[in-house]
Amino acid sequence: MIKSAAAGLVGAITMFAFYFLFLALLSGSWWHPVDDLLEFKYWIGTLVIGFGVQVGLFHHIRSVARLKGHGGTAVAVGTGTSTAAMVACCAHHLTDVLPIIGFAGASLFLSEYKAVFMAIGILSNMVGIIIMTRHIRRCRQ
């Protein structure tokens with residue numbers, strides 16, 4: 001259980017570092033990620049924590065699956081859900097690059113609905129956590 005919690009913590013830290021570096025490189029400023037974080041702290045915090053929980057559950061399911069021979073489908077679904085949450089989380093940051101490559105309309109759309117994309121990411125995290133938690137309960141029975 002401690003290894004799974006550590007894996008979750010590493011996953012959350014890695015996601016946050018990726019988010020921070022990705023945004024800093026796109027904007028060309030180290031202050032932009034800080035401003036963005038202050039503006040969306042609850043959204044970003046929830047996404048990072050949810051992702052970390054999913055990584056921890058994923059690690060736990062893998063270790064249980066190795067012992068009992070179960071879990072392939074739930075692990076695949078959980079991984080897909082985590083990936084969808086990451087994409088939804090970071091999709092609104094494409095607005096920093098899209099005008100440069102000529103997609104101003106898409107840029108406006110993504111910028112306008114960034115909270116929606118973050119909410120989709122949070123919902124995806126919750127679905128992944130529920131699926132993996134149910135799988136762990138079934139493996140224990």
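The following questions and answers cover the helices, the core and the aromatic residues of a predicted model.

User: How many helices and strands does the protein chain have?

Analyst: The protein chain has six helices and zero strands. Read along the sequence, this gives the pattern α-α-α-α-α-α. Of its 141 residues, 38% count as buried. The accessible surface comes to about 8,400 Å², and 72% of that belongs to carbon and sulfur atoms.

User: What makes the largest nonpolar core a core, and which residues are in it?

Analyst: A nonpolar core needs buried nonpolar residues joined through side-chain atoms within 4.5 Å. In the largest one there are eleven residues: Ala12, Met15, Tyr19, Leu23, Phe40, Ile44, Leu47, Val48, Phe51, Met118 and Ile122. Helix H1 (2–27), helix H3 (41–68) and helix H6 (114–140) are the elements that give two or more residues to this core. In soluble globular proteins, nonpolar side chains tend to be buried together.

User: Why is Gly11 called buried?

Analyst: The cut-off for buried is under 20% relative accessible area. Gly11 has 9%, so Gly11 is buried. This residue is in helix H1. Leaving aside neighbours within four places in sequence, Gly11 is in contact with Phe51 and Val55. The C-alpha atoms of Gly11 and Val53 are separated by 8.4 Å, although these residues are 42 residues apart along the chain.

User: Is His60 buried or exposed, and how do you know that?

Analyst: The relative accessibility of His60 is 13%. Buried means under 20%, so His60 counts as buried. His60 is placed in helix H3. Not counting residues up to four places away in sequence, His60 touches Met1, Ser4, Ile136 and Arg140.

User: Why do Phe16 and Phe20 count as partly exposed?

Analyst: Partly exposed covers the range between the buried cut-off of 20% and the exposed cut-off of 50%. Phe16 has 30% relative accessibility, so Phe16 falls in that range. Phe20, with a relative accessible area of 21%, is partly exposed too.

User: How many aromatic pairs are there, and why is the pair of Phe16 and Phe20 called tilted?

Analyst: A search of the whole structure finds three aromatic pairs. In the pair of Phe16 and Phe20, the ring centres are 6.3 Å apart and the planes are at 35 degrees. Phe16 and Phe20 are four residues apart in helix H1, which means about one helical turn separates them.

User: What makes the pair of Phe20 and Trp30 stacked?

Analyst: Planes under 30 degrees apart count as stacked. The rings of Phe20 and Trp30 have their planes at 20 degrees and their centres 6.1 Å apart, so this pair is stacked. Phe20 lies in helix H1 and Trp30 in the loop between H1 and helix H2 (31–39), so the pair ties together parts that are ten residues apart in sequence. Together with Phe16 and Tyr19, Phe20 and Trp30 form one aromatic cluster.

User: Which residues form a nonpolar patch on the surface with Trp30?

Analyst: Leu21 and Leu25 form the patch with Trp30, and the three have about 370 Å² of accessible area together. Residues in a patch need over 30% relative accessible area.

User: Which contacts account for 74%, and what is the separation?

Analyst: Among contacts in the protein chain with a separation of 6 or more, 74% are between residues 24 or more positions apart.

Key:
Residues numbered from 1 in each chain as written. Predicted model: local features only at pLDDT ≥ 70, side-chain atom pairs only at ≥ 80, totals over all residues. Heavy atoms only, no water. Buried < 20%, exposed > 50% of the residue type's maximum accessible area, 1.4 Å probe, protein only. Phe/Tyr/Trp six-rings, centres within 6.5 Å; stacked < 30°, edge-to-face > 60°. Patch = residues over 30% accessible without salt bridge, like charges linked within 9 Å, V, L, I, M, F, W, Y side chains within 5 Å. Areas by Shrake-Rupley, 256 points an atom, 1.4 Å probe, with all protein chains shown as cover. Salt bridge = Lys/Arg side-chain N within 4 Å of Asp/Glu carboxyl O. Contact = heavy atoms within 4.5 Å.
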